[in-house]
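Subject: the structure for you to look at

Hi,

Here is the structure I promised to pass on. Have a look at it first, and then read my notes below.

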Amino acid sequence: PLECCLVLAVLAQVTQRLRTAWANRATDFPALVRALTDNSQLWSTLASDVALPGNSLPAALRARLFYLYEFTVHHSRSVLDEKASVEVLADINMAVMRGLRGDGGSK
């Protein structure tokens, strides 16, 4: 399984890049595409990890994380089609970071 600290660091970096790229999308759309791609790749890696037979997370949590991967892929397409914003993707990443830090119930 992936190391918690590494996942936190990558989630934080990708989330910041998503927000920055979204703010600058009118002048640098390729940066938004890169940020969305990186976020999707991160979630693909997480989904692969939770799908491993030896993953020790509870089955229900593994299923929820895999669902979040599927959602991020779908929502990223909507962002690229200019039908949605990156905010929900950033919110998901932030919620996972809170959970990894053990403060999942706080904002």
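The protein has four helices and zero strands, with elements that run α-α-α-α from the N terminus on. (Helices are DSSP runs of H or I with at least four residues, strands are runs of E with at least two, and both are numbered from the N terminus.) Keep in mind that this is a predicted model, where local features need pLDDT of at least 70, side-chain atom pairs count only at pLDDT 80 or more, and totals for chains, interfaces and linings use all residues. Residues are numbered from 1 along each chain as its sequence is written, and side-chain values use heavy atoms, with hydrogens and water left out.

Overall shape first. Of the contacts with a separation of 6 or more, 59% are between residues 24 or more positions apart; contact means heavy atoms within 4.5 Å.

Now the inside. Buried residues make up 36% of the 107 residues, where buried means under 20% relative accessible area, exposed over 50%, and partly exposed in between (1.4 Å probe, protein chains only). The largest nonpolar core has 24 residues, and those with the most contacts inside it are L18, L32, L36, W43, V79 and V86. Helices α1 (4-23), α2, α3 and α4 (87-101) each supply at least two residues of this core, and α2 gives the most, with eight.

L80 sits in helix α3 (residues 59-80) and counts as partly exposed because its relative accessibility is 36%. Together with F29 and V33, L80 also makes a nonpolar surface patch of about 200 Å². (Patches are made of residues with over 30% relative accessible area and no salt bridge; like charges are joined within 9 Å, nonpolar side chains (Val, Leu, Ile, Met, Phe, Trp, Tyr) within 5 Å.)

Not counting residues up to four places away in sequence, N55 touches D49, V50 and R62.

Finally, the charges. A search of the whole structure finds two salt bridges, each being a side-chain nitrogen of Lys or Arg within 4 Å of a carboxyl oxygen of Asp or Glu.

- D38 and R17 meet through their side chains at 2.4 Å, N to O. D38 lies in helix α2 and R17 in helix α1, so the pair ties together parts that are 21 residues apart in sequence.
- R19 pairs with D91, the closest N and O atoms being 4.0 Å apart. R19 lies in α1 and D91 in α4, so this pair ties together parts that are 72 residues apart in sequence. D91 is partly exposed, at 44% relative accessible area.

Cheers

Note on methods: Areas by Shrake-Rupley, 256 points an atom, 1.4 Å probe, with all protein chains shown as cover. Core = buried A, V, L, I, M, F, W, Y, C linked by side-chain atoms within 4.5 Å.
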